[in-house]
Amino acid sequence: GPAGAPGRTTMAVSLAASLAGRGVPVTLIDADPYGGSVAQQLGIVEEVSGILAASRFAAAGELDMRLAQTMRMADGIRVISGVPRPDRWTEVRPGTLARLVELVARDSHVVIDTGFSLEDGGPGDFGTRPPRNSMTLGALEAADQIVIVGTPDPVGLTRLARATVELRDLLPDADTRVVVNRMRGSLSWSQRQIADLVAGFTDAPLLVIPEDRAAADRALLAGAPLLSGPVGTAVGSLAHELFPLAAAAKPRGLGRLRRRTADTTRRR
């Protein structure tokens, strides 16, 4: 999704939690190079970033055997937390995310929260560091499905249109869905009007999620995913579309399904 905090992380966390609530194994990876917030949303307090630990283990050729050390559990979700500060994106070595996704996808669904920018900055400084947005671009290339998140106001829709076009230019054959988040009556637009506007720049399936500020605030304060009320119903619908096999999953411990996916979340 574009800049402007349209709710990428909230959707990624809630989607992963919706799957976990069905007893489906799921791993949530925070791959936002501008500073991750998945851990904060889920109330995870830790001294070591999961993605940075994975990068160090990968550099030492030990990621396979030490993968579990990069993860934390929250609400039934295996979480690999992101970079703690925007300036530390340089510590994520090239190829780390791809290897990480390959490993965790062996026994779980994968949801990835990404950054907002699809700009390819070319080689890093002196060829030793990856481009700033390499984690986001790598997530999109590895994902089975992409969810683009935007907002229904004039600025948000304009940004969403640009982001959708940029993504189509980058990955023309991507399996994509659009989520228009925080739909509210004060905008005086109907869902039908929003759908008509979105249809002007993409034919991807559309899901409109209503605003529920009170529920969102309660979830943040509790360090929990937003799964209650109309938002929870909408996210559950999205989970069913993205993971149809998981909708009929057995209770936890009786069986496991394997399939990969991402948020722009594309692995989502």
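Helices H1 and H10 are roughly perpendicular to each other, a class that covers angles of 65 to 115 degrees. They pack at an angle of about 70°, with their axes 9 Å apart. Axes here are lines fitted to C-alpha atoms, for helices over the stretch in contact, and angles run from 0 to 180 degrees between N-to-C directions. Helices (H or I, at least four residues) and strands (E, at least two) are DSSP runs, numbered from the N terminus. The structure is a predicted model, in which local features need pLDDT of at least 70 and side-chain atom pairs count only at pLDDT 80 or more, while totals for chains, interfaces and linings use all residues. Residues are numbered from 1 along each chain as its sequence is written, and side-chain values use heavy atoms, with hydrogens and water left out.

On the H1 side, the contact with H10 is made by Met11, Ser14, Leu15, Ser18 and Leu19, and on the H10 side by Val235, Gly236, Leu238, Ala239 and Leu242. Contact means heavy atoms within 4.5 Å. By class, these residues are seven nonpolar, three polar and no charged. Ala, Val, Leu, Ile, Met, Phe, Trp, Tyr, Cys and Pro count as nonpolar, Asp, Glu, Lys and Arg as charged, and the others, Gly among them, as polar.

A further helix pair is formed by H3 (residues 50–59) and H5 (residues 96–104), whose axes come within 10 Å and cross at roughly 95°. This angle makes H3 roughly perpendicular to H5. Ile51, Ala54, Ser55 and Ala58 of H3 meet Thr96, Leu97 and Leu100 of H5. The contact of H3 with H5 comprises five nonpolar, two polar and no charged residues.

The largest nonpolar core has 35 residues, of which Leu28, Leu42, Ile77, Val111, Val179 and Ile209 touch the most other members. A nonpolar core is a set of buried Ala, Val, Leu, Ile, Met, Phe, Trp, Tyr and Cys residues joined through side-chain atoms within 4.5 Å. Buried means under 20% relative accessible area, exposed over 50%, and partly exposed in between (1.4 Å probe, protein chains only). Elements that each supply at least two residues of this core include helix H1 (8–20), strand E1 (26–31), strand E3 (77–80) and helix H10 (229–242). The largest share, eight residues, comes from H1. A second, separate core of 23 residues includes Ile29, Leu52, Ala53 and Val83.

In helix H6 (residues 134–142), the buried residues are Met135, Thr136, Leu137, Ala139 and Leu140. These residues pack against E1, H3, H5, strand E4 (109–114), E5 and H7.

Threonine 151 lies in the loop between strand E5 (146–150) and helix H7 (154–170). Threonine 151 counts as buried because its relative accessibility is 10%. Its side chain makes a polar contact with the side chain of aspartate 153 at 2.9 Å. A polar contact is a pair of N or O atoms within 3.5 Å; within protein, one must be able to donate a hydrogen and the other to accept it, and residues adjacent in sequence count only if both atoms are side-chain atoms.

Most residues other than glycine have a negative phi. Alanine 5, in the segment before H1, has a positive phi of about 50°. Alanine 5 counts as exposed, at 51% relative accessibility. Aspartate 75, in the loop between strand E2 (72–74) and E3, has a positive phi near 55°. At 45% relative accessibility, aspartate 75 counts as partly exposed.

Conventions. Parallel < 35°, antiparallel > 145°, perpendicular 65-115°, else oblique.
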